[in-house]
Amino acid sequence: MSYETILVETRKNVGLITFNRPEALNALSTTLITELAEALRVMEKTDEIGAIVLTGSEKAFAAGADIKEMQSKSWPDSFVEDFITDGWEQVAACRKPIIAAVSGFALGGGCEIAMMCDFILASETAQFGQPEIKIGVWPGAGGSQRLTRLVGKSKSMEMCLTGRMMDADEAERSGLVSRIIPVADLVEDAVATAQKIASMSRPATMMVKDVVDRAYETTLAEGVRYERRMFQASFGTPDQREGMAAFVEKRKPKFGSD
Ligand code: CAA
């Protein structure tokens, strides 16, 4: 399948999606979001792929929803078509682990897409922000909620109210980013990290994603209860038998996804 606004590759057991609208700093047009959702759907269905990396260019991961495209939208149009839902939600709904590899600008919808991923690896040039306030609107793809949960109310409120950007160091200190990687190595490192995840037991990685996400969706007591039930369910998988036997026998495990 060929795409107009993204590049899609498979690197061993990892799917790599690169936003490719350099003329617009990877602004997230309807075409780009539709293609992203389609590529994710295909990767979810492809057994060989165990994890996904989403990236942009050195200058921009993505500078937000496409302002030129949405400029003339009316409220009824936006409401009826349920703008910023179709396609966008596919990122958060993907059941395979997704890593965002961010260099340059991750603004507005770009920051929001990065936060929908399971974790963010950033280069030292990364800049995160929710600058919608500067164009008279506010976050629409989950930024007010995910940024607040990730960095706390004070920083999130300041960023959303002023449009201030956060650099990679501050983002790492604040818990938005898991690691900073030199810009030249970012994609390679992200792919290697994803390959490592993809080499683990497939049900285990999908279950980890499911249980960690619960931490954001429910109370602590309910989350812990859910995790425990799911942990108990791991004893129903062949990979649990193999993983534990390999440890006891001092050898490398051979999981179903190998
Ligand atoms: N939508 C459409 N086009 C965009 C864009 C966007 N979000 N961001 C950048 N571009 C375009 C510019 O219009 C420009 O195109 P032209 O050459 O045709 O004029 C090109 O990309 C390069 O951009 P700049 O010349 O502005 O580059 P810069 O280096 O001077 O500035 C920037 C970079 C600070 C990121 C600036 O481009 C900027 O502020 N962009 C908008 C950021 C923004 O407001 N994002 C939020 C969008 S709303 C949103 O995302 C809603 C939501 O929650 C889903």
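Predicted model: local features only at pLDDT ≥ 70, side-chain atom pairs only at ≥ 80, totals over all residues.
Residues are numbered from 1 along each chain as its sequence is written, and side-chain values use heavy atoms, with hydrogens and water left out.

**Stop 1: helix α1**

Select residues 30-45, which make up helix α1, and show the side chains of Glu 38 and Arg 41, three residues apart, about one turn of the helix. Helices here are DSSP runs of H or I with at least four residues, strands are runs of E with at least two, and both are numbered from the N terminus. Glu 38 and Arg 41 form a salt bridge whose closest N and O atoms are 3.5 Å apart. The term asks for a side-chain nitrogen of Lys or Arg within 4 Å of a carboxyl oxygen of Asp or Glu. Colour by accessibility if you like: buried means under 20% relative accessible area, exposed over 50%, and partly exposed in between, with a 1.4 Å probe and protein chains only. Glu 38 is partly exposed because its relative accessibility is 26%, and Arg 41 is partly exposed too, at 34%.

**Stop 2: a salt-bridge network**

How many salt bridges does a search of the whole structure find? The search gives 13. For a linked group, select Lys 155, Glu 158, Arg 164 and Glu 170, which are joined in a network of salt bridges. Start with Lys 155 and Glu 170, where the closest N and O atoms are 2.7 Å apart. This pair links distant parts of the chain, with Lys 155 in helix α7 (residues 153-162) and Glu 170 in helix α8 (residues 168-173), 15 residues apart. Now move to Arg 164 and Glu 158, whose side chains meet in a salt bridge at 3.1 Å, N to O. Arg 164 counts as partly exposed at 26% relative accessibility, as does Glu 158 at 35%.

**Stop 3: aromatic rings**

The whole structure holds three aromatic pairs. Ring pairs involve Phe, Tyr and Trp (its six-membered ring) with centres within 6.5 Å; planes under 30 degrees apart count as stacked, over 60 as edge-to-face and the rest as tilted. One of the pairs is Phe 19 with Phe 61, edge-to-face at 5.3 Å centre to centre, with 65 degrees between the planes. It spans distant parts of the chain: Phe 19 is in strand β2 (residues 14-19) and Phe 61 in strand β4 (residues 60-62), 42 residues apart. Both Phe 19 and Phe 61 are buried. Next, select Phe 231 and Phe 235, which are edge-to-face at 5.4 Å centre to centre and 90 degrees between the planes. Phe 235 is partly exposed, at 38% relative accessibility.

**Stop 4: charges over rings**

A charge sits over a ring if NZ of Lys or CZ of Arg is within 6 Å of the ring centre and within 35 degrees of the ring normal. Select Lys 73 and Phe 83: Lys 73 lies over the face of Phe 83, at 4.5 Å from the ring centre. Then select Arg 214 and Tyr 226, where the charged end of Arg 214 is 3.7 Å from the centre of the Tyr 226 ring.

**Stop 5: cysteines and helix α5**

With a disulfide taken as a pair of cysteine sulfur atoms within 2.5 Å, the count comes to zero disulfides. Select Cys 94: its nearest cysteine sulfur, that of Cys 117, is 8.8 Å away. Cys 94 is buried, with a relative accessible area of 1%, and Cys 117 is buried as well, at 7%. Now select helix α5 (residues 109-116), where eight of its eight residues are buried; among them are Cys 111, Glu 112 and Met 115.

**Stop 6: strand β7**

Select residues 119-123 for strand β7, which contains Ala 122. Ala 122 counts as buried, at 0% relative accessibility. For a distance label, pick the C-alpha atoms of Ala 122 and Val 208, which are separated by 22 Å and lie 86 residues apart along the chain.
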